[in-house]
Amino acid sequence: MKKFLMIAPLALGMQFAVAGDDMHAEFKQMMDSSFKGNGIAEKHRLYQLDFQAACSTEKSPSPAMLKAIEAEQMKTIRWPSDGKYTGDWKSGEKIAISGRGLTWNDKADAANGGGCYNCHQMSHNEISYGTIGPSLLNYGKLRGNSSDMLKYTWGKIWNAKAYNACSNMPRNGDAEILTERQIKDVMAYLFDPESPVNKP
Amino acid sequence: MKKRLTLAALAIVAAFTAPAAMAEGSAADGIAQYRAMLAEGNPSELWELAGEDIWKEKRGPKQASLEQCDLGKGPGVVKGASAALPRYFKDTGRVQDLESRLMSCMETLQGIAPENFVKGKWGKGEMEKMEQIVAYVVGQSRDMKVNVDMSAPQMKKMYALGKEAFFYRAGPMDFACATCHGQDDKRIRLQDLPNLTKHEGAAAGWGSWPAYRVSNGQFWTMQHRLNDCYRQQRFPEPIYGSDVTIALSVYMAKTANGGTVMTPGIKR
């Protein structure tokens with residue numbers, strides 16, 4: 001299965017006389033010889049998870065494949081151990097703003113940021129936001145805090161791929177970018193009526 | 001001379017730090033801003049001037065200059081050379097970008113070992129000299145057209161490998177180059193991200209590097225740019241001059257073909 005995934009898309013794009021298998025072997029060889037581990041950014045990070053491989057083509061995988069990935073990723077979500085979805089929005093804001101962590105300059109024991117502002121508009125006060133993701137301004141105000149909405153948002157932050165297989169958004173919980181505690185704080189930042197996300 | 005450059009650099013810092021202007025700025029505004037800044041003087045002139053001297057200087061164990069270095073247009077021809085790189089070189093049997101080609105020239109002509117760069121530090125020792133030479137060489141293609149010859153089969157293969165690398169997702173954040181550079185009109189925080197999969201974006205992105213970076217007062221080569229993007233991608237570190245960096249460069253340069261060379265650029 002894995003083999004099929006990785007080779008088929010390549011064969012389609014080929015315009016010259018190299019067989020897909022050879023080309024893929026050459027690609028792997030190139031990647032392997034081109035990188036070195038540095039600090040916490042070890043070389044094994046190059047190896048792909050199945051879904052990462054499936055989502056590495058210019059064209060989106062088939063709808064059936066996307067569904068299969070989403071079902072698989074849904075199983076990775078860990079719901080809050082004490083049943084509480086939200087924490088402290090003030091600490092959540094710091095996590096949303098910080099884009100630090102997991103590069104070869106970072107230390108293994110340093111707290112990671114969520115980097116949410118790299119991709120999302122969130123509060124009424126912060127104008128330095130990216131646009132890779134949709135605006136989350138007034139998130140709690142617009143969506144309410146029903147248990148379904150809390151659950152969906154928790155799941156999305158834990159593993160965005162469970163809802164959108166090839167999403168550009170990282171798997172904050174599943175990939176251990178953020179801790180459960182940090183995700184609660186970010187959740188509060190999105191939902192708390194006092195949070196600048198919901199209040200100018 | 002030095003004074004004028006310093007003043008120009010200050011004006012540039014001011015232009016880049018005006019937050020509201022950046023927030024609303026479109027790509028077109030960016031280009032207009034860039035041209036205005038160039039009119040004020042580009043601080044990388046200092047690197048260019050130093051680089052020209054180093055190019056002509058007899059250096060290394062073999063005490064030779066780089067004036068016999070063939071960047072693809074014949075020994076010693078610098079004018080227009082970087083606009084046509086990367087290209088396939090028969091003598092090394094490799095597709096090379098400017099920096100890996102310069103490494104070969106330094107090794108064969110001057111006896112300066114590639115380890116100086118592969119294990120070197122940005123801005124230090126031989127690497128600083130490399131950066132200055134790069135500034136000089138790319139300045140000699142300014143305002144020309146990106147003109148990469150894709151006819152060699154080796155180039156076609158590197159393009160295909162580069163394209164695959166561009167979409168290759170891995171690491172703890174599942175990022176590929178395409179995550180940040182695969183769509184139009186996106187940005188991270190306030191930094192505009194060119195869509196490198198299309199001609200317009202590739203021309204803007206590829207065509208304006210190497211560049212002087214106002215935020216840290218450094219001159220960054222394309223290898224350095226790619227290195228820092230892979231850092232942000234949370235990948236392991238690409239080796240200086242490695243094939244993945246050259247393959248990506250072929251992918252970007254081919255997509256940029258016909259666009260205008262604006263090097264050395266000026267960046268945030």
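At 19% relative accessibility, Cys180(B) counts as buried in this predicted model, since the class covers residues under 20%. The sulfur of Cys180(B) has its closest cysteine sulfur in Cys119(A), at 6.9 Å, which is too far for a bond; a disulfide would require the two sulfur atoms to lie within 2.5 Å.

Elsewhere, cysteines are found in bonded pairs, and a search of the whole structure gives 2 disulfides over all chains. In chain A, the sulfur atoms of Cys55(A) and Cys166(A) are 2.0 Å apart and form a disulfide. The torsion about the S-S bond of this pair is about -75°, and the disulfide is therefore left-handed. Because Cys55(A) lies in the loop between α3 (50-54) and α4 (63-74) of chain A, while Cys166(A) lies in the loop between α8 (147-158) and α9 (180-191) of that chain, the pair ties together parts that are 111 residues apart in sequence. Cys55(A) is buried, its relative accessible area being 8%.

In chain B, a disulfide is formed by Cys69(B) and Cys105(B), with the sulfur atoms 2.0 Å apart. Here the torsion about the S-S bond is about 75°, so the disulfide is right-handed. The pair links distant parts of the chain, 36 residues apart, with Cys69(B) placed in the loop between α4 (45-56) and β1 (87-89) of chain B and Cys105(B) in helix α5 (residues 98-110) of chain B. Both Cys69(B) and Cys105(B) are buried.

Turning to the interface, 42 residues of chain B are in contact with 52 residues of chain A, and the two chains bury about 4,400 Å² between them, of which 59% is on carbon and sulfur atoms. Between chain B and chain A, 4 salt bridges are counted, including one in which the side chains of Lys163(B) and Glu58(A) meet at 2.8 Å, N to O. Among the elements that give two or more residues to the side of chain B that touches chain A are α2 (19-24), α8 (153-166), α11 (222-232) and α12 (243-256) of chain B, together with the strands β3 (186-188) and β7 (237-238). The element giving the most to this side is α8(B), with 7 residues. By class, the side of chain B that touches chain A has 23 nonpolar, 5 polar and 14 charged residues.

How values were computed. Residues are numbered from 1 along each chain as its sequence is written. Chains are lettered from A and ligands numbered from 1 in the order in which they are written. This is a predicted model: local features need pLDDT of at least 70, side-chain atom pairs count only at pLDDT 80 or more; totals for chains, interfaces and linings use all residues. Side-chain values use heavy atoms; hydrogens and water are left out. Helices (H or I, at least four residues) and strands (E, at least two) are DSSP runs, numbered from the N terminus. Buried means under 20% relative accessible area, exposed over 50%, partly exposed in between (1.4 Å probe, protein chains only). Contact means heavy atoms within 4.5 Å. Buried area is the accessible area (1.4 Å probe) that two parts lose on being put together, summed over both. Ala, Val, Leu, Ile, Met, Phe, Trp, Tyr, Cys and Pro count as nonpolar, Asp, Glu, Lys and Arg as charged, and the others, Gly among them, as polar.
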